[in-house]
Amino acid sequence: VVTPYGVFLPKHDDLTLYLCRSKVTADFIVDCYDDWWTQAKVRFPDVTTLLFNLDNGPENHSRRTQFMYRMIAFSQKHQINVRLAYYPPYHSKYNPVERCWGVLEQHWNGDILDELNTVVRCAQTMTYNDKSPLVNIVDKIYATGVRLSKALMAEVESQLARFDILGRWFIDILWQRQ
């Protein structure tokens with residue numbers, strides 16, 4: 001079983017795919033972001049805030065403490081502000097990365113995806129607006145059900161800047177408080 005996860009830059013039509021051989025978890029998602037930003041930051045030296053458009057799924061929900069805990073660590077590690085923007089339920093179709101999944105599905109339609117090499121080849125040869133994605137295989141096995149203590153959960157929440165009315169949908173993580 002292989003599950004794709006993607007980071008997409010609509011302005012540049014750049015898609016980076018991560019093929020997970022384990023469960024997709026909060027830790028997996030943040031590891032993907034960490035790998036992607038480690039590679040991409042040289043292209044964007046003036047960027048001070050990363051905006052992640054998310055679907056509010058169970059692995060990256062705005063109240064999912066392990067995801068928030070790891071995103072705070074990501075922000076601090078890379079010394080960059082992070083804004084998390086969540087699409088409401090049933091509105092992920094407006095997220096640009098969703099269009100990439102449709103292209104990928106059409107591209108490998110009819111192929112028998114019974115081997116990892118076949119999946120990788122299909123992913124590498126798809127194109128979105130005439131550009132092929134960068135494809136990475138993640139072999140790490142991720143633990144499910146990671147929980148934080150109530151004290152650590154309170155500390156995590158204290159480091160999040162939630163918008164008054166839209167606190168569930170927009171969250172800022174500032175790597176350095178001003």
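Visitor: Where in the chain is confidence lowest, and where is it highest?

Guide: In general, where pLDDT is low, the predicted coordinates should not be read in detail. The term pLDDT denotes the predictor's confidence in each residue, from 0 to 100. Here the chain has a mean pLDDT of 88, and 99% of its residues reach 70 or more. Confidence is lowest in α3, at a mean of 77, and highest in α1, at 96. Such helices (H or I, at least four residues), like strands (E, at least two), are DSSP runs numbered from the N terminus.

Visitor: Is Ser 75 buried or exposed?

Guide: Buried means under 20% relative accessible area, exposed over 50%, and partly exposed in between (1.4 Å probe, protein chains only). Ser 75 is buried because its relative accessible area is 0%. This residue belongs to helix α2, residues 65–78. Contact means heavy atoms within 4.5 Å; setting aside residues up to four places away in sequence, Ser 75 touches Ile 80, Asn 81, Val 82, Ile 173, Leu 174 and Trp 175.

Visitor: With which side chain does the side chain of Asp 172 make a polar contact?

Guide: A polar contact is a pair of N or O atoms within 3.5 Å; within protein, one must be able to donate a hydrogen and the other to accept it, and residues adjacent in sequence count only if both atoms are side-chain atoms. The partner of Asp 172 is the side chain of Arg 83, at 2.7 Å. Asp 172 is part of strand β7, residues 170–173, and counts as buried because its relative accessibility is 14%.

Visitor: Is Thr 127 buried or partly exposed?

Guide: Thr 127 counts as partly exposed because its relative accessibility is 40%. This residue is placed in the loop between α4 and β5. Leaving aside neighbours within four places in sequence, Thr 127 is in contact with Val 103 and Ser 132.

Visitor: Which residues of helix α4 are buried?

Guide: In α4, residues 116–125, the buried residues are Thr 118, Val 119, Val 120, Cys 122 and Ala 123. Their cover includes β2 (14–20), α3 and β5 (134–138).

Visitor: How much space lies in the largest pocket, and which residues lie nearest its centre?

Guide: Rolling a probe the size of a water molecule over the atoms shows where empty space is left. On a 1 Å grid over the protein atoms alone, a pocket is an open set of points where a 1.4 Å probe fits, with protein on both sides within 12 Å along at least five of seven lines; lining residues have an atom within 4 Å of a point. The largest pocket holds about 800 Å³ of space, a volume being the space filled by probe spheres set on the points, which are joined across faces, edges and corners. Its lining has 33 residues, with Val 7, Phe 8, Leu 51, Phe 52 and Asn 53 nearest the centre. Strand β1 gives the most to this lining, with seven residues.

Methods: Residues are numbered from 1 along each chain as its sequence is written. This is a predicted model: local features need pLDDT of at least 70, side-chain atom pairs count only at pLDDT 80 or more; totals for chains, interfaces and linings use all residues. Side-chain values use heavy atoms; hydrogens and water are left out.
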